[in-house]
Amino acid sequence: MTTKKLLQKTASAYNRHEKAADAAAELGISLRYMRQRLAEARENHPDIKIRPDRPHSGGTKLSDDELRDTLNQLAIFGTYAAAAAAAGISPQTFSDRVRRAEQSGIKAAVSGTDDATKPVVRPLPEKGQIARYILTCAQNNTLLHEPTWLALQTAAAHYDAELMVSTFTYSKTRDGSGKRGSKKASDSDGQWYDDRIEPFAADSMIQLAKGLVWNGNFNNWPTASEPLSGLQNYNFRNSSIFPHVRQHMVSVPTSPSDAAKLQYTTGTVTKRNYIQRKAGQKAEFDHIYGALLVEVNDKGHWWVRQLNTDNVGGIYDLDGGKPIAFYADRVVRPKGTDSVIWGDIHEIHLTKQIRDLCWGKGGTLDTLKPKRQVYHDLADFEFGHHNRKDPYKMFALRVVAGKSVETEYRSTLNFLDTSRRNGVQDVIVNSNHDRHFERYLREVDWRFDLDNAEFCGTVHLAYLKALRAGASFNAMRCAVEYINGSALPNTEWLEPGQSYVVCKNEGGGIELGFHGDQGPGGSRGSLKNLSLLGRKVVIGHGHGAGILNGAWQVGVMVLDLDYAKGSPGNWSISFCVIHENGKRQMLTVYDGKWHA
């Protein structure tokens, strides 16, 4: 609190001068600080005489600068009462000044808000209907990529979808990024966009469905290598879509009772147009022509898919789950897809709902008609080293459930039998959970595991014979084929690190042979370090779906594995489809469906 002596000195100076600013100059303090002192004197020391406001009284004509100062005070303090107290006048007088400033069209020189931007909420479609949105972005002073633009128009017309284009500026002569009409945008010389974009411009934050927000207002550097970095808390618990020239996807951990929070970027409809320095030249390589398609049903549930343009101007999608291709002037119906890469299987824990949805008659596999289906972590191997250390878990498995190593692999064989289709090759990627059986064979003394001694002894013997012959050995394959009595038809079991490349004409092909647990040079694998291989890859292992440049990571086909119960997680039931043209889509199951 200011001393009474100092308040008296302030009042005396104010009484001597015509303008408060002159009094503040005499005292060597700011005008704002002087007014705070006067307000304190009026409130706490009625005996100090202070002349009435002369130049700033409610009825006095004020200059534009003085009215602007009033609005500035309101912006700074937030409420009329606080701003009036700081100005040393009554709230009524302050309110009158604000009114006069607004009537004169005067704007505050400072700005700010107490609240973050809130999305505009789109109404849900009517019962039985589906709303579709195609989301992309466009750079200023840059030509449209005509094949992409025209194919998206065809797709929008076919689906009766709303095309939404977020605009951004990227200055090639100075740093800066903004939206159409912003100060930064207008500063750039001759800023323009193709006239065709204008009817579809969507530079606002819009909630498209329950838990899904389109951040069309968002500005990000087009050269950002990981455009979603640092945005995990953006939009709170809502999943998010951000405009960007790359396609990036992350799964954000959430509370155990909540679904994973998914974040996406869109791709673009404008050509490559970057400063020819390191950041810009790197960005050219991962520049994606395309968009995202969002489907929303009448419950507010939503599904997102990537739409990417191939080198002949086609965009492949799944119409009701069935392949479809959009071009500038036509729609084509492909007979099937190239590959389906399922999320990590952990077969013994699969629910009936997922088994029926994906591999049941007329289910996902039959609808997509792929040339091959790829399995990661086919078996869970419940007798692995994690569970073996827990006597209570072993009691529950052996005594209560009556399980054994053999019963798990019989279940695995039954799954492979029921999921097999004529003309579809089964590819089993060598995965860490599949290798847990080999660790079991090395570490477990059969004398203390008599329930499994005979079955595992048979595999032991096969392992020794393979070593003598100098042949590779896959314990899970040996177990399954031993139970079956022969090799499985049309099934390829990959060795650790064995390459399996598909769509070789698409930028060198897509590598499907890596599980994702092993990274370069013996390091622990991750989506990030496997994105540096110089080749497109699709991996598993992480259980959280993700996209980083040319590397894609599928999710998991079962969400309630024991070792993760009770912990925050980013898992989702997500799998990848590779179309005949080599373009990929990440599909996520929600409410028992993988599309609307």
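1. How are helix 15 and helix 17 oriented to each other? They are roughly perpendicular, a label for angles of 65 to 115 degrees, with under 35 being roughly parallel, over 145 roughly antiparallel and the rest oblique. The axes of helix 15 (residues 432-443) and helix 17 (residues 475-484) cross at roughly 95° and come within 7 Å. Axes here are lines fitted to C-alpha atoms, for helices over the stretch in contact, with angles from 0 to 180 degrees between N-to-C directions.

2. The model is predicted, with pLDDT of at least 70 needed for local features and 80 or more for side-chain atom pairs, while totals for chains, interfaces and linings use all residues. Residues are numbered from 1 along each chain as its sequence is written, and side-chain values use heavy atoms, leaving out hydrogens and water.

3. On the helix 15 side of this contact (heavy atoms within 4.5 Å) are Asp434, Phe437, Glu438 and Leu441, which meet Ala475, Met476 and Ala479 of helix 17. By class, the contact of helix 15 with helix 17 has 5 nonpolar, no polar and 2 charged residues. Nonpolar covers Ala, Val, Leu, Ile, Met, Phe, Trp, Tyr, Cys and Pro; charged covers Asp, Glu, Lys and Arg; the others, Gly among them, are polar.

4. Helix 5 (residues 80-87) packs on helix 6 (residues 91-103) at about 100°, with the axes 9 Å apart, which makes helix 5 roughly perpendicular to helix 6. Tyr80, Ala81, Ala83 and Ala84 of helix 5 make the contact with Pro91, Phe94, Ser95 and Val98 of helix 6. The class count for this contact is 7 nonpolar, 1 polar and no charged residues.

5. Helix 3 (residues 31-44) and helix 4 (residues 64-77) have axes 13 Å apart at an angle of about 75°. These two helices are therefore roughly perpendicular to each other. Arg32, Arg35 and Gln36 in helix 3 meet Asp69, Gln73, Ile76 and Phe77 in helix 4; the contact divides into 2 nonpolar, 2 polar and 3 charged residues.

6. The chain has 18 helices and 24 strands, taken as DSSP runs numbered from the N terminus (helices H or I, at least four residues; strands E, at least two). Its radius of gyration is 33 Å, whereas a compact globule of 596 residues would be near 25 Å; the radius is taken over C-alpha atoms, and the globule rule is 2.2 Å times the number of residues to the power 0.38. Along the principal axes, the C-alpha atoms fill a box of roughly 105 × 65 × 50 Å.

7. The largest pocket holds about 1,000 Å³ of space. A pocket is an open set of points on a 1 Å grid over the protein atoms alone, where a 1.4 Å probe fits, with protein on both sides within 12 Å along at least five of seven lines; lining residues have an atom within 4 Å of a point. Of its 38 lining residues, Phe285, Asp286, Ile288, Lys536 and Gly550 lie nearest the centre. The lining comprises 11 nonpolar, 15 polar and 12 charged residues.

Terms used. Points joined across faces, edges and corners; volume = space filled by probe spheres on them.
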